[in-house]
Amino acid sequence: MIRSKIKWAALGGLILSLLSLLVHLLLANNSTSTAVLRRSNAWQGNTEAVTLIINRESPRFRRLWGNVKPLESLQPYANPRIKYPEANEHNNGFIYAKIFGGFEKIRSSICDLVSISRLLNATLVLPEIQESTRSKGISSKFKSFSYLYDEDQFIAALAKDVIVVKSLPNNLKDARKSNKFPIFKPKSSATPNFYIKDVLPKLRKNKVVGLVLTDGGGLQSILPPSMAEYQRLRCRVAFHALHFRPEIQALGHRMVERLRAWGQPYLSLHPGLTRDALAYHGCAELFQDIHTELIQYRRAQMINQGILKDDLIVDSHMKRANGSCPLMPEEVGLLLRAMSYSPRTIIYVSGSEIFGGQRVLIPLRAMYSNIADRTSLCSKEELSSLIGPETSLPSDEFQPPPRKSKKQLEEEWKKAGPRPRPLPPPPDRPIYKHEKEGWYGWITERDTEPDPSLSDLRSQAHRLLWDALDYIVSLEADAFFPGFNNDGTGSPEFSSLVMGHRLYEMASVRTYRPDRKVLIDLLSNISDHLYHPRRNWTIAVQEHLNRSLTEEGLVKQSRLSKPTSFLSHPLPECSCRTSESAEIPIPVKDKGERLLYGGEDECPKWMKHSLATVSKTTISKESANAGESESQEDDTDLDGQQESDETGTDSSPPSTQDEEMDPDD
């Protein structure tokens, strides 16, 4: 009897345990599904997503996101200032061009091509973007130029400046195929005299010349004051004629809407961690293991090609101290925390290539939980729709190397030189297939980097699309922080182009222009305990970054960036001022009497009237919003807002959060 009762009790306990386990599993599954759905809705801009209520009139908001008042008088104005003769079809001939390079080189080269065509009074054939030609395996749906930009918009916008056609006339196509016309390979520092004396006579004689641009441009950045109209033409090309094709623009603006659906501003960060930049400046030692070797391989390749005239092995830490290396993501996170940006600030990480992958972003993600990029804002279907239909690649491109005898391996091991030359595998060590696949699989088997495969070439073409999306999102951001600009290579780079575009369209929007040498010095002194007044580390960072937003930052930007890329600093040629003459700043010049800041023309009356109308409308809206939020706290802390991530973290503000962050914490 007793045994029977024990059996029934055990059976009942087992049944209750199973029921309890089942309930827990259901609750956990429901909780996970809800969290994932909530996060998905938030990024997709669902109207039911959690929206943060922010007082945009609070001192904290203005300090972190507000416009820079000294620059509010600067307005975009790239119209011709003199009587400007329109382009004529009866000109000297055609210019046919091929452009090599990434997104930033392509954009800068196109602007130079239009200026060169105007200078030579020639018709421009839509240039071929070599990274996106059919031979690279991209979709046959797109032509070279139309893969990235809107052809019809480009032609129509420049109709008064330069005649642009989609292809050469039939009588000249055969000459192009057989290379019967002169071809020039100008450097980005080529002067107008080079084109007038060397290129123009050949153009008049042959009626067509070819240009091959590889340095990110074909005309020197700084032109004499007498050629200011050509600088304004560059601005009209870059900021008005070069529109991305409609599908790219539509997806880019959807990404911005999804970021803004959170109900708070966002900051765009471009780390600038590309393999080429790291190799050029000798920053290999900032990384570890195989990444260091990959950087050194690329550096050796640059030295062999004559791109770089320097030693293979350099002191990376000395280069970093000189400001020659990019800021690492964790360093950017410390600087943003020193500026008092909330840990829940939305940060969009742009850049189609981040060398080291997501691993290098882990420290930044630990400091800022709301990190977004194109992969988190867009579905795979949306991204693949930009690419178009492509032929499938072989499923397995892996070709195992021929087996080596034990004696051969031992000989290679003995003859292997010092690093960064990679060592061959030690004797008797098996080589597995997964070690040979991927973008670094060659490193254990050969001393030279293999030629890019069709898959690599196709990825380079896709990278143009991802950079275009990042460009749109970075341009619309409430704040922009470059991890690496003014890199000293002499070629345009992504961050500088974004900074120049933002300076042209909305000069007063927050665009940080940090001096990396100063910041690296500050970051190196974190452990020195400089905490007495006016020497506080956090205060020093805030002062430097805030100064970089204003005229002081623009002067440095002009001195460093403009000599290599006009589009990175299109002042004063492409802007005007709306303020009264008494408020116009005194022009700042360098030793060569070149304008660094100031000297802009006064805006025309029609522009002043339009701006005044817009300003009145904005003020009335702000007054209405201020009346609605009068009952709110004046200095609302963003840390106290509800966090809408999948973890369901407590939304109450941290009790230990100070206004300034202790770097030793």
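## Disulfide between Cys235 and Cys574

Both Cys235 and Cys574 are buried, where buried stands for under 20% relative accessible area, exposed for over 50% and partly exposed for what lies in between, with a 1.4 Å probe and protein chains only. The two residues are joined by a disulfide with an S to S distance of 2.0 Å, a disulfide being a pair of cysteine sulfur atoms within 2.5 Å. The link of Cys235 and Cys574 is right-handed, with 90 degrees about the S-S bond. Cys235 belongs to helix α7 (residues 228-241) and Cys574 to the loop between α22 (551-560) and β13 (575-577), so the pair ties together parts that are 339 residues apart in sequence. Helices (H or I, at least four residues) and strands (E, at least two) are DSSP runs, numbered from the N terminus.

This is a predicted model, in which local features need pLDDT of at least 70 and side-chain atom pairs count only at pLDDT 80 or more, while totals for chains, interfaces and linings use all residues. Residues are numbered from 1 along each chain as its sequence is written, and side-chain values use heavy atoms, with hydrogens and water left out.

## The other disulfides

The structure holds 3 disulfides, and with bonded cysteines counted along the chain their pattern is 1-4, 2-3, 5-6. Cys283 and Cys325 form one of these links, with their sulfur atoms 2.1 Å apart; this link of Cys283 and Cys325 is left-handed, with -100 degrees about the S-S bond. Cys283 is found in the loop between α9 (275-281) and α10 (289-305), and Cys325 in the loop between α11 (316-321) and α12 (329-338), so the pair ties together parts that are 42 residues apart in sequence. Both Cys283 and Cys325 are buried.

Cys576 is joined to Cys603 by a disulfide with an S to S distance of 2.0 Å. Because the torsion about the S-S bond of Cys576 and Cys603 is about 90 degrees, the disulfide is right-handed. Cys576 lies in strand β13, whereas Cys603 lies in the loop between β16 (601-602) and α23 (605-628), so this pair ties together parts that are 27 residues apart in sequence. Cys576 and Cys603 are both buried.

Cys111 counts as buried because its relative accessibility is 1%, and Cys378 counts as buried at 5% relative accessibility.

Cys111 is also among the contacts of Leu242, a residue in the loop between α7 and α8 (246-260). With its neighbours within four places in sequence left aside, Leu242 is in contact with Arg107, Ile110, Cys111, Phe145, Tyr149, Phe154 and Val237, where contact means heavy atoms within 4.5 Å. Leu242 and Tyr149 are 93 residues apart in sequence, yet their C-alpha atoms are 6.5 Å apart in space. At 4% relative accessibility, Leu242 counts as buried.

## Helix packing around α19

Two packed helices are described by the angle between their axes and the distance between the axes. Helix α18 (residues 454-476) packs with helix α19 (residues 494-505) at an angle of about 40 degrees, and their axes are 10 Å apart; axes are lines fitted to C-alpha atoms, for helices over the stretch in contact, and angles run from 0 to 180 degrees between N-to-C directions. That makes α18 oblique to α19, since angles under 35 degrees count as roughly parallel, over 145 as roughly antiparallel, 65 to 115 as roughly perpendicular and the rest as oblique. In this contact, Asp467, Asp470, Tyr471, Ser474, Leu475 and Glu476 of α18 meet Phe494, Leu497, Val498, His501, Arg502 and Glu505 of α19. By class, the contact of α18 with α19 has 5 nonpolar, 2 polar and 5 charged residues, where Ala, Val, Leu, Ile, Met, Phe, Trp, Tyr, Cys and Pro count as nonpolar, Asp, Glu, Lys and Arg as charged, and the others, Gly among them, as polar.

Helix α3 (residues 103-119) packs with α19 at an angle of about 50 degrees, with their axes 9 Å apart, and that makes α3 oblique to α19. Phe103, Glu104 and Arg107 in α3 meet Phe494, Leu497 and His501 in α19, and the residues of this contact divide into 3 nonpolar, 1 polar and 2 charged. In α22, Gly553, Leu554, Val555, Gln557 and Ser558 are buried, and the buried residues of α22 pack against α19, α21 (537-548), β14 (588-589) and β15 (595-597).
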